[in-house]
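Subject: Handing over the structure, with notes

Hello,

Here is the structure I promised to pass on to you, so please open it beside this message and keep the sequence at hand while you read.

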Amino acid sequence: TNGRSVTVIGLGPMGRAMVRAYLARDYEVTVWNRTASKADDLVAAGARLAPSVEEALGANELVILSLTDYAAMYALLEPVTAALSGRVLANLSSDTPERAREAAAWATRHGARYLTAGVAVSPDLVGTPDGFTYYSGPEDLVEEHRGALEVISRVEYRGEDPGLAALYYQIQMDLFWTSLTAWLHSVAVAEAHGISVEDILPYSVDVADSLSTFFRFYAPRLSAGDDTGDVDRLAMGVASLEHVVDTVRAGGVETGLPEAVLDVFRRGVAAGHANDSLTSLRSLLRAGTA
Ligand code: NDP
């Protein structure tokens, strides 16, 4: 053996991809999953299935958790906290920054060292040079295990606060889920009119690619607090969104998504920003609904 070994708990699509990446790098991999059968093909590929969570924890210092959420982690580990002492838990499960901070304190109380992670990569890209994972927690811990963590993906260390990796991840997912659903919505409108997803694809890709240009254009203005309506005006945006909503409705497609955006634009106009850029919506969005 080359002395490199790791435990992976949780064998959903992500955990499975991680195990395969470690096996490909000749790591000794101990796995555990609530549904044991999900380990069958991994065992055939060289992983070792621990007979219990406790033994999975005991097998290696570095324990990767890849679970649906933190509730799943407590369900698995709360009954065996005595086995946490001396372990390094890298939690690559998604959850909120607040729950990540609580989990770090909980793990520390039980004698474990803890890293929060947010995996910004799909299962097929795990173990490839593409994509990355956010980490937060003790920096020396990341450095100590950098080699093993980089088997999964590039490491993006965000800082000591254990909530940070979760925060960066959720900020990214806010953009990701709403954007992807917006694309699906536009496809539904196209299909309602007999235009196929493939027909519209080149134009959809063009819009998606242009978004990064807009991010880069507006970011310095947002930083500077400059909402000048020289390129776009909220009043123009309202008129444009009304055309969108009307077109969507005429196609018999659900209007909730563009209507939510139209509502924000209208409130911006009502707040006196008709001649300002859409960047002026930021203060309104930040005020929230609480
Ligand atoms: P899944 O939800 O498919 O897998 C979850 C794992 O959690 C399974 O091993 C499951 O066990 C286990 N689990 C869930 N609830 C419990 C419980 N109460 N007790 C014990 N075990 C439990 O997730 P993925 O593998 O897709 O993803 C893992 C994490 O990575 C998630 O937090 C996800 O948000 C994140 N992620 C996922 C991506 C993706 O594309 N899939 C991309 C980036 C991040 P069992 O097999 O027994 O059900």
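What follows is a description of what was found, going from the whole chain to single residues.

Please keep in mind from the start that this is a predicted model. The secondary structure of the protein chain comes to twelve helices and eight strands, and the C-alpha trace spans about 65 × 40 × 30 Å along its principal axes. Of the 290 residues of the chain, 34% count as buried.

The domains

The domain assignment divides the chain into domain 1, which covers 5-160, and domain 2, which covers 168-287. The C-alpha centres of domain 1 and domain 2 lie 37 Å apart, and the contact takes six residues from domain 1 and four residues from domain 2. On the side of domain 1 that touches domain 2, the residues are two nonpolar, three polar and one charged.

The sheet

In which order do the eight strands of the open sheet stand? The order is β3-β2-β1-β4-β5-β6-β7-β8, and the pairing is mixed. As background, strands of a sheet pair through backbone hydrogen bonds, either parallel or antiparallel. At the edges stand β3 (48-49) and β8, and because each has a single partner strand, one side of each is left without a neighbour in the sheet.

Strand β1 (residues 5-9) pairs with β2 in the parallel sense over five bridges, and the bridge partner of serine 5 is glutamate 28 in β2. β2 is also mostly covered, with four of its five residues buried. β1 also pairs in the parallel sense with strand β4 (residues 62-65), here over three bridges, and isoleucine 9 stands opposite leucine 65 in β4.

Further along the sheet, strand β6 (residues 113-120) and β7 pair in the antiparallel sense over five bridges, and glycine 118 stands opposite tyrosine 134 in β7. β7 and strand β8 (residues 154-159) pair in the parallel sense, again over five bridges, with threonine 133 standing opposite valine 155 in β8. Why can strand β7 (residues 132-136) be called largely enclosed by the rest of the structure? Four of the five residues of β7 are buried, so the strand is largely enclosed.

The ligand

Around the ligand there are 22 residues, and the closest are Gly12, Arg34, Thr35, Ala72 and Ser94. The elements that give two or more residues to this shell are α1 (13-24) and α4 (70-77). Sorted by class, the shell has nine nonpolar, ten polar and three charged residues.

Valine 19 is found in helix α1. Is valine 19 buried or exposed? Valine 19 has 30 other C-beta atoms within 10 Å, and a residue is called buried when there are 20 or more, so valine 19 counts as buried. Leaving aside neighbours within four places in sequence, valine 19 is in contact with Val8, Val29, Val31, Leu42 and Ala47. Isoleucine 200, by contrast, is 181 residues from valine 19 in sequence and 38 Å from it in space, C-alpha to C-alpha.

Aspartate 26 lies in the loop between α1 and β2 (28-32). Although aspartate 26 is not a glycine, it has a positive phi of about 65°. Aspartate 26 has 11 C-beta neighbours inside 10 Å, and because the limit for an exposed residue is 12 or fewer, aspartate 26 counts as exposed.

Valine 244 has its place in helix α10 (residues 234-250). With 17 C-beta neighbours inside 10 Å, valine 244 counts as partly exposed. Valine 244 and proline 258 are 14 residues apart in sequence, and their C-alpha atoms are 7.2 Å apart in space.

With best wishes

How values were computed. Residues are numbered from 1 along each chain as its sequence is written. This is a predicted model: local features need pLDDT of at least 70, side-chain atom pairs count only at pLDDT 80 or more; totals for chains, interfaces and linings use all residues. Domain bounds come from an automatic or database domain assignment. Two residues are in contact if their C-beta atoms, placed from the backbone, lie within 7 Å. Ala, Val, Leu, Ile, Met, Phe, Trp, Tyr, Cys and Pro count as nonpolar, Asp, Glu, Lys and Arg as charged, and the others, Gly among them, as polar. Two strands pair if DSSP finds at least two bridges between them. A residue is near a molecule or strand if its C-beta atom, placed from the backbone, lies within 6 Å of it.
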